[in-house]
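Hi there,

I am passing a structure on to you, along with some notes on what turned up in it. Have a look at it first, and then read on.

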Amino acid sequence: MPLVPVPKSTFAQKLKRFFMVDLLQGMAVTLGFNIGALTDKDAVAGKGIYTEQYPKVRPDVAPRFHGAPRLNMDPETHETLCIACNLCALACPEDCIDVIPMDVEVVVAGKPRRKKVLDEFIFDTSRCMFCALCQEACPTYCLELTQDFELATYSRAGFVWNREMLEQGRETVKYES
Amino acid sequence: MAILAPLNLVNDLLLRLFSEPTVNFVIWPLIQVGLVIVITTGWVAYATYLERKISAFMQARLGPMRVGPWGLLQPIADGLKLLTKEDFIPENADRWIFFVAPYIAVVAAFVVMAVVPFGPDWAVITDVNIGVLFVLAVSSVGVLALILAGWSSNSKYALLGALRSSAQMVSYEVSMGLAIIGALIFARTLSLSGVVTAQASNSIWFFFYQPIGFFIFLISGIAENNRAPFDLPEAESELVAGFHTEYSGFRWSLFFMAEYAAMVVVTAVATTLYLGGWYFPLVYRLTEAHGWHNLYVAISVIVFLAKAGLLLYLYFWLRWTLPRFRYDQLMDLGWKWLLPAALINIVVTALGAGVIQGLDNQAGMRTIKSLASGLGLTASGKVIAIVFGFGNLFLTAGILSLINWRARDFNLKKQRRKIRLVDVPKGKPAVVPVTSE
């Protein structure tokens, strides 16, 4: 056991200790927080309340947050914007997107043609790492990662989203405030 | 007074039904007891709510918010939860003692409320002329409950918690009792109502005569209640939950209630002894002088509860500011600092009272006004007493540092170092390490 020299406390330090300055400083800190919590309720800087009333009050996520995927639709015709080009599936580093197209007969300039349209869209959120490369790849701004973060389900199968879920969004319990 | 006129009506009604002694000595006391129990229970319930809220605010949280507006119904929800929980008893527990211990704790905490003067006249249940002794005696019974609970649980954590709490309570009870004596020298009575009237008729709080006594009483009160930073008997990090480790459900909630009720008692007694109790300047002139007796009593009760509430806030404030003491620090504070300080306080206060008496009628000076209720001092007498009280702070500081300045010499580490350094050159280990030969 090496000997550790303990410095002798100066008179000022002794005085500080005797009048319990450190204790009073600590109490001032807690009192400051108490008063701050009572006066400015949603202050972020300094001495406000930091916690959120989550199910009642939706938290503000960061602007660049990527959450639940969504397939956007044409706001006028309510038809999907997806052209089944498969670029998102190719862009995905995790292979979690399956675009299943189908052929439909259309008449273009009087001639019968076949057109590839979207039949089913499978998005496995359990494997997704929310990098939003699919969103970058989408030429029609159809696939988008929204700011919704409530992705939990009761089974593994629930993580696999089909076209309907992607277009309508999933139903979650909404709490009244 | 229009608001409190029904009181007289009720009195008339009761007088019609019963004889006068029955009304005065049975019915009204029972009503008072009921009221005090209701008020204390509500106060205890909302003390838990306040504690949770204040702790939350101090940690930048919101605290209970869901049950009712601002979580105001949380204590009721808690109570219902605890009532419906399983009342679990360990297999090898001493069943009867295990059953009885929580009740002892609650009774010891609540009975003291009988002598606490919430206000003048009808706001005090009974004015026992040894009120202070009664408070000290009964609140010490609370220790018994903790020891019984810890022992009967047949669990090592509970037993350790009980042992700690008994040692702690015994050591702080001494300085608590001694700290009170200083105030009693000025009050000249042991009745709690008498202490308040002594302060009221002198128009001064004994805090100004007895700053040291007040602080000693407060610190040992916190230690008595096993509250942080002295909550060693239920130190979560070491003893799970201390003496109530094995308790659950309603029995546990009784211990919980007892703890908060004991806190309320200590704050009430501290208010009575040092902060003037229900006495507040000007209240008398504004109400009683106009003949509004019942309003006077009501305002006094509110004043008393406000003062006690401020002290209670101090409890919460300290709990969420300070970390827990080590056990040796706890004993060190109790025996080496608080006890000598309390003894010095008694001596100095007695000296002060002696000086005041000696100066009375000397060279035309008047220090003592009357001895009718308490030590009635004139302005000059008050100045002398206050000078003695606050000068005592510095005297106590000096004497305590004299007593304790070599306290480190008893430190085992230092002793070991001294032993090691005998005949050994500095910096070399005393025991030569065994090297390979």
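A word on terms to begin with: helices (H or I, at least four residues) and strands (E, at least two) are DSSP runs, numbered from the N terminus. This is a predicted model, where local features need pLDDT of at least 70, side-chain atom pairs count only at pLDDT 80 or more, and totals for chains, interfaces and linings use all residues. Residues are numbered from 1 along each chain as its sequence is written, while chains are lettered from A and ligands numbered from 1 in the order in which they are written.

Chain A has 5 helices and 5 strands, and their order from the N terminus is α-α-β-α-β-β-α-β-β-α. Of its 177 residues, 14% are buried (20 or more other C-beta atoms within 10 Å of the residue's own; 12 or fewer is exposed, in between is partly exposed, and C-beta atoms are placed from the backbone). Chain A is assigned domain 1 (7–51) and domain 2 (69–168), with bounds that come from an automatic or database domain assignment. The C-alpha centres of these two domains of chain A are 55 Å apart.

Chain B holds 16 helices and 2 strands. Its C-alpha atoms fill a box of roughly 105 × 75 × 40 Å along the principal axes, and 40% of its 437 residues count as buried.

How do the chains meet? The contact takes 12 residues from chain B and 15 residues from chain A, where two residues are in contact if their C-beta atoms, placed from the backbone, lie within 7 Å. On the chain B side, helix α2 (residues 20–58) gives the largest share, 3 residues. That side divides into 9 nonpolar, 2 polar and 1 charged (Ala, Val, Leu, Ile, Met, Phe, Trp, Tyr, Cys and Pro are nonpolar; Asp, Glu, Lys and Arg are charged; the others, Gly among them, are polar).

Helix α2 of chain B turns up again inside its own chain. Chain B is divided into domain 1 (10–84) and domain 2 (90–202 + 212–332), and 16 residues of domain 1 of chain B are in contact with 15 residues of domain 2 of chain B. To the domain 1 side of this contact, α2(B) gives the most, with 14 residues. By class, that side has 11 nonpolar, 4 polar and 1 charged residues.

α2(B) also packs against helix α11 (residues 249–274) of chain B at an angle of about 105 degrees, with axes 9 Å apart. Here axes are lines fitted to C-alpha atoms, for helices over the stretch in contact, and angles run from 0 to 180 degrees between N-to-C directions. The two helices, α2(B) and α11(B), are therefore roughly perpendicular (65 to 115 degrees). Among the residues that meet there are Thr40(B) and Val44(B) from α2(B), and Ala261(B) and Val264(B) from α11(B).

Ala261(B) leads on to the core. It is one of the residues that touch the most other members of the largest nonpolar core, which has 112 residues; such a core is a set of buried Ala, Val, Leu, Ile, Met, Phe, Trp, Tyr and Cys residues joined through C-beta atoms within 7 Å. Leaving out residues up to four places away in sequence, Ala261(B) touches Thr40(B), Val44(B), Ala109(B) and Phe110(B).

Best wishes

Definitions and conventions: Parallel < 35°, antiparallel > 145°, perpendicular 65-115°, else oblique.
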